[in-house]
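The following exercises ask the reader to work through a protein model step by step. Each task is followed by a solution.

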Amino acid sequence: MKLHWSPASPYVRKVMVCAHALGLSDQMYWVRSRVAPTRTNVQLMEENPLNKIPTLVTDDGQVLYDSRVICEYLDMLAGGGMLFPADPDRRWQALTWQALADGLADIAVARRDEYYRGDGHRSIAHQKAFATKMTAALDLMERSAPALQKCGLNIGTIAIGVALGYLDFRPVGEAWREGRPALSAWEAEFSQRPAMLATPLKDQGAPPKIPFYTME
């Protein structure tokens, strides 16, 4: 299987964590595909017209995207029910956690892009709204920490662990651990799982710290 990837993408990392946890990483090869909101990748767009990573090309030539689809495909490939629980209650909880975590990563990426528009072009209203949503998402994760602790490894806990790791990797101003002791303790333990340690986010340079805006 071929995976279009970037070492700095939280969505790619989520796929890679799943692949490692399911024992499928040795069945994949990685193609470094550079993309950005204003940068199209002609080779990638031949397989994914949305110009997004991750994109997976299966052994039979089927093209899958986005990360949610790819992760569920990998789980099916490994036999099913490994990271996507079969029990309805546990499944919907895991999928909702995944949506929450992916949404948090979406906001972090959008907020960073807004910052890089430069002085005179940034929307302070957008940045404040991003900050408010991120705070609310993190507070819900804090309240969910006891349930996260009980669930072990599934697509929901993986997505949350990856999203929190991305906030450390691409800091957008939040000291997200402050006031969230349960979530902080859970993340510290979860980040040491072999599949997480095997898939660190990487970059060639540290970005500038992005100001944190709060709603007055």
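**Exercise 1. State how far apart the mean positions of the positive and negative charges are.**

Solution. The model is a predicted one. Begin with the counts: the protein chain carries 24 positive and 24 negative charges.

**Exercise 2. Determine the order of helices and strands along the protein chain.**

Solution. First, count the elements: there are eight helices and four strands. Then read along the sequence, which gives β-α-β-α-β-β-α-α-α-α-α-α.

**Exercise 3. Decide how compact the protein chain is for its length.**

Solution. The globule rule gives 17 Å for 216 residues. The radius of gyration of the protein chain is 17 Å, close to that value, so the chain is as compact as a globular protein of that length. As for its extent, the C-alpha trace spans about 50 × 45 × 30 Å along its principal axes.

**Exercise 4. Describe the largest nonpolar core and identify the element that gives the most to it.**

Solution. Start with burial: a residue counts as buried when its relative accessible area is under 20%, and buried residues make up 48% of the 216 residues. The largest nonpolar core has 54 residues, and Leu-3, Leu-74 and Met-141 have the most contacts inside it. Among the elements that give two or more residues to this core are β1 (2–5), α3 (67–77) and α5 (124–151). The most comes from α6, with 10 residues.

Finally, examine one residue: leaving out residues up to four places away in sequence, Met-141 touches several others, including Leu-100, Leu-148, Ile-160 and Leu-183.

Conventions. Residues numbered from 1 in each chain as written. Predicted model: local features only at pLDDT ≥ 70, side-chain atom pairs only at ≥ 80, totals over all residues. Heavy atoms only, no water. Core = buried A, V, L, I, M, F, W, Y, C linked by side-chain atoms within 4.5 Å. Buried < 20%, exposed > 50% of the residue type's maximum accessible area, 1.4 Å probe, protein only. Contact = heavy atoms within 4.5 Å. Rg over C-alpha atoms; globule rule 2.2 N^0.38 Å. Lys, Arg positive; Asp, Glu negative; His and termini not counted. Charge placed at Lys NZ, Arg CZ, Asp CG, Glu CD.
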